[in-house]
Amino acid sequence: MSEILTIDTSSGISKEIRLDPLPLYDEKLPMLNNQIPEYTDSLPNERMNNLIRRMKMTMKQFGGIGLSANQCGVYERVFIIGTDQFQIVCINPKVIKTSEQMVKDNEGCLSFPGLYVKIERPSWVDVEFVNENGQIKQMHLEGLTARCFMHELDHMNGIKFTKYVGPVAIQMARKKQEKIMKKFMRNKNNALFI
């Protein structure tokens, strides 16, 4: 699932760059425990645009609805939330205001495959971020979109979603995760022989 990008340089020479999805790391990656500093380069720029393209490819490849750069081993304060039809690129994301009403719902993470835990998050959030064109955006997000934004912002701040639940809930979720992953591997192995 590669993408070929043609770039016209100032010298008039076209150069092709092959873009591949980024690697996706699991929960053991030390970078996931670190707060990522503000992105300070001017936007738009080719390096960030290529990173965003590769992150979108990675998110699609793994079937996610949110992906932070640090989940891919990239130390930049940027994440993407959304689906194939609609995606929001958030550079230097911030929460301006949150609802007082909290909603408890299942949450998963691409870096924790098969692990789902119930977490309380605000029902809505007002947020600010810079998009890939360098424009400051403010949005009001609700429901799943608000949950995704908060989850990915936690990644930017070195917080894993498992922090929000107690040890008993994690232990039960890990048992379910083990069953899910065994079933997945069994189905994956069967598919190889079809």
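Visitor: Is Asn92 buried or exposed, and how should I read that label?

Guide: Buried stands for a relative accessible area under 20%, exposed for over 50%, and partly exposed for the range in between, computed with a 1.4 Å probe on protein chains only. Asn92 has a relative accessible area of 10%, so Asn92 is buried. Please keep in mind that this is a predicted model, in which local features need pLDDT of at least 70 and side-chain atom pairs count only at pLDDT 80 or more, while totals for chains, interfaces and linings use all residues. Residues are numbered from 1 along each chain as its sequence is written, and side-chain values use heavy atoms, with hydrogens and water left out.

Visitor: What is the phi of Asn92, and in which strand is this residue found?

Guide: Although Asn92 is not a glycine, its phi is positive, at about 50 degrees. Strands (E, at least two residues) and helices (H or I, at least four residues) are DSSP runs numbered from the N terminus, and Asn92 is found in strand β5, residues 87-98. In the backbone there is also a cis peptide bond, running from Leu43 to Pro44 with omega near 0 degrees, and Pro44 is found in the loop between β2 (14-19) and α1 (46-62).

Visitor: How many salt bridges does the structure hold?

Guide: A salt bridge is taken as a side-chain nitrogen of Lys or Arg within 4 Å of a carboxyl oxygen of Asp or Glu, and the structure holds 9 of them. In one of these, the side chains of Asp20 and Arg18 meet at 3.3 Å, N to O; Asp20 is partly exposed at 28% relative accessible area, and Arg18 counts as exposed at 57%.

Visitor: Which parts does the pair of Arg47 and Glu76 tie together?

Guide: The side chains of Arg47 and Glu76 meet in a salt bridge of 2.4 Å, N to O. Because Arg47 lies in helix α1 and Glu76 in the loop between β3 (66-68) and β4 (78-82), the pair ties together parts that are 29 residues apart in sequence. Glu76, at 13% relative accessibility, counts as buried.

Visitor: How far apart are the closest N and O atoms of Arg121 and Asp154?

Guide: They are 2.8 Å apart, in a salt bridge. Arg121 lies in strand β7 and Asp154 in helix α2, so this pair ties together parts that are 33 residues apart in sequence. Both residues are buried, and salt bridges with shared partners join Glu107, Arg121, Arg147 and Asp154 into one network.

Visitor: What volume does the largest pocket have, and which residues are closest to its centre?

Guide: On a 1 Å grid over the protein atoms alone, a pocket is an open set of points where a 1.4 Å probe fits, with protein on both sides within 12 Å along at least five of seven lines, and lining residues have an atom within 4 Å of a point. Grid points are joined across faces, edges and corners, and a volume is the space filled by probe spheres set on the points. The largest pocket has a volume of about 600 Å³. Of its 26 lining residues, Gly64, Gly108, Cys109, Leu110 and Tyr116 are the closest to the centre. The largest share of the lining, 6 residues, comes from α2.

Visitor: How does the lining of the largest pocket divide by class?

Guide: Counting Ala, Val, Leu, Ile, Met, Phe, Trp, Tyr, Cys and Pro as nonpolar, Asp, Glu, Lys and Arg as charged, and the others, Gly among them, as polar, the lining has 14 nonpolar, 9 polar and 3 charged residues.
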